[in-house]
Amino acid sequence: QLSDSPQHSKPETPMSVTFVGGGKMAEAIIGGLVKNPASFKVTGAVDINRKRRAHLDREYGIKTFESVQDAKECLRETDLLVVAIKPQVANKVFAEVRSVLPAPEDRERDLTAISILAGIPIKKLRDGLGIDSICRSMPNTPAQAQAG
């Protein structure tokens, strides 16, 4: 049983989560997060595909953006950035994200990135995004059904 100690208490405000990439794996994670509004608030998702943006907006009621630049304010105010893009566009997207975020020493809040990109080392994520706190994750097909 969890105690009421600070390490086991719920946050006063939900952690804000922004996605760069809105494909099927991102959607699986979004689906789980929106079911826990006391802990997480999905504040936005960037995807170049208009149909994906419309789907995410319709299904989950989240704000969507066509580009990283369009999501600039959302990205600057997020606690957690989920990077869910194809590895072949990583360098381009990393540069875009880095260009809209304040330098680490100028950030008003801690920022952590979770990457679901296959084959991209933590050092490349850290250097490319300009974010020190990085976590790599590899969701699987059952995650799409929220069973994995």
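Colleague: Which residue in E6 is the bridge partner of Ser 115?

Modeller: Arg 136. This is a predicted model, where local features need pLDDT of at least 70, side-chain atom pairs count only at pLDDT 80 or more, and totals for chains, interfaces and linings use all residues. Residues are numbered from 1 along each chain as its sequence is written, and side-chain values use heavy atoms, without hydrogens and water.

Colleague: How many helices and strands does the chain have?

Modeller: There are 6 helices and 6 strands. Both are DSSP runs numbered from the N terminus: helices are H or I with at least four residues, strands are E with at least two. From the N terminus on, the order is β-α-β-α-β-α-β-α-β-α-β-α.

Colleague: What makes E5 and E6 a pair of strands?

Modeller: Two strands pair if DSSP finds at least two bridges between them. E5 and E6 are joined by 4 bridges and run parallel. The count meets the cut-off, so they pair. Ile 114 stands opposite Cys 135 in E6.

Colleague: How is E4 joined to E5?

Modeller: Again by 4 bridges, between residues 80-83 of E4 and residues 112-115 of E5, in parallel. Leu 80 has Thr 112 in E5 as its bridge partner.

Colleague: In what order do the strands form the open sheet?

Modeller: The order is E3-E2-E1-E4-E5-E6, with parallel pairing. E3 (64-65) and E6 (133-136) are the edge strands, each pairing on one side only.

Colleague: Which residues of helix H4 are buried?

Modeller: In H4 (residues 90-100) they are Ala 90, Val 93, Phe 94, Val 97 and Val 100. Buried means under 20% relative accessible area, exposed over 50%, and partly exposed in between, with a 1.4 Å probe and protein chains only.

Colleague: How do you know that the buried residues of H4 line one face?

Modeller: Look down the axis of H4: its buried residues fall within an arc of 135°, so they line one face. That arc is taken from the directions from the helix axis to the C-beta atoms. The face turned away carries the exposed residues Asn 91, Lys 92 and Ser 99.

Colleague: What do the buried residues of H4 pack against?

Modeller: They pack against E1, H3 (72-76), E4 and H5 (122-129). Contact means heavy atoms within 4.5 Å.

Colleague: How many disulfides does a search of the whole structure find?

Modeller: The search finds 0. A disulfide here is a pair of cysteine sulfur atoms within 2.5 Å.

Colleague: What makes Ser 39 buried or exposed?

Modeller: Ser 39 has a relative accessible area of 16%, so Ser 39 is buried. Ser 39 sits in the loop between H1 and E2. Leaving aside neighbours within four places in sequence, Ser 39 is in contact with Pro 14 and Met 15.

Colleague: And Thr 64: why is Thr 64 called exposed, partly exposed or buried?

Modeller: Thr 64 has 23% relative accessibility, so Thr 64 counts as partly exposed. Thr 64 is in strand E3. Not counting residues up to four places away in sequence, Thr 64 touches Ala 45, Arg 53, Leu 56 and Asp 57. Arg 52 is 12 residues from Thr 64 in sequence, and the two are 9.2 Å apart in space, C-alpha to C-alpha.

Colleague: What share of the chain is made up of buried residues?

Modeller: Buried residues make up 39% of the 148 residues. Among contacts between residues at least 6 apart in sequence, 65% join residues at least 24 apart.
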